[in-house]
Amino acid sequence: DNPVMKVFAVVVLLGLALSASALRTEEEYAGIFKAYVRQFAKRYEVTEFVDRYNAFKANLDKIEAFMAKEERDVELALNEFADLTQEEFKKAYLGFKPKSVATKGAPKVDSNPSNNNNIDWRNQGAVTPVKNQGQCGSCWSFSTTGSIEGAYAIKNGKLVSFSEQQLVDCSGSYGNMGCNGGLMDNAFQYVEKYGLETESDYPYTAEDGSCQYDASKVVSGSKVSSYKDAADTASGSQSVMDLLQNGPVSVAIEADQSSFQFYSGGVLTGNCGTQLDHGVLIVGAGSDNGQDYWIVKNSWGA
């Protein structure tokens, strides 16, 4: 699977018109499911087996119906999420919790004609390998560490993998809720005061835990001195592209659709959604046959 997605908008929602009718015989479904369980090393309790099987069949139908279309923007494929319903997937993996305070405008895509619109911070050594949040709604922590890792690498010439688990365990007083969700801004505020330990010193467990913060292990220079939100207000604006000139950018998207759950490749071109539920990291931008896109680093494994 391709862990890096190209999307045309910061927030993407692709509505799929998919057939609800069965596309295979029960024997065929059973054979494919058996191979799937083996490939992804799945283990189920007896009480949940039927639910996993039924979810898998429905998802297989969705994927095959979509892939049968002559015109499609992305490739969908079976993956480790194929035995989850859309609701189960959303509950387990989408943990961005936006503030209820209304904003004064949507983030702008671009505002400065002098910006470099073809940029990829992966090529500049400012992006760590794709990580895996597991079944924990901690996407916000991975988005946070990703932008801090980028800023640290650009300033110091050294790429360091920072600890998401520290944010999961220790930033609750700033409004985050560990595996039950959080907000990148809240995490930045925490890091302003405490800084971050490395991934190896404070490893990820994909579970809520008690705070094990050790000030002696905090990486020098990891404290956030300031951060800016991309916004369009009467007092001025800074676009996502403006911010991307300086390093990777933490953003929120709507990712509760099949196009994200089963994404395998291609450029997402659907309409923007407004129900933000997933924190990711923009690591670059470019153009494909005249169409602009963002390069997005996710946290669902490689």
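How do the residues of the lining of the largest cavity divide into nonpolar, polar and charged?

## Basis

This is a predicted model, in which local features need pLDDT of at least 70, side-chain atom pairs count only at pLDDT 80 or more, and totals for chains, interfaces and linings use all residues. Residues are numbered from 1 along each chain as its sequence is written, and side-chain values use heavy atoms, with hydrogens and water left out.

## The cavity lining

The lining of the largest cavity holds 3 nonpolar, 6 polar and 4 charged residues. Here Ala, Val, Leu, Ile, Met, Phe, Trp, Tyr, Cys and Pro count as nonpolar, Asp, Glu, Lys and Arg as charged, and the others, Gly among them, as polar.

Helix H4 (139–156) and strand S8 (278–288) each supply at least two lining residues; H4 gives the most, with 5. Helices (H or I, at least four residues) and strands (E, at least two) are DSSP runs, numbered from the N terminus.

## Helix H4

Gly 157 follows H4 and has a positive phi, near 70°.

## Helix H3

Phe 89, Ala 92 and Tyr 93 are buried in helix H3 (residues 86–93). The face turned away from this buried side carries Glu 87 and Lys 91, both exposed (over 50%). The buried residues of H3 pack against H4, helix H8 (258–261) and S8, where contact means heavy atoms within 4.5 Å.

Key: Buried < 20%, exposed > 50% of the residue type's maximum accessible area, 1.4 Å probe, protein only.
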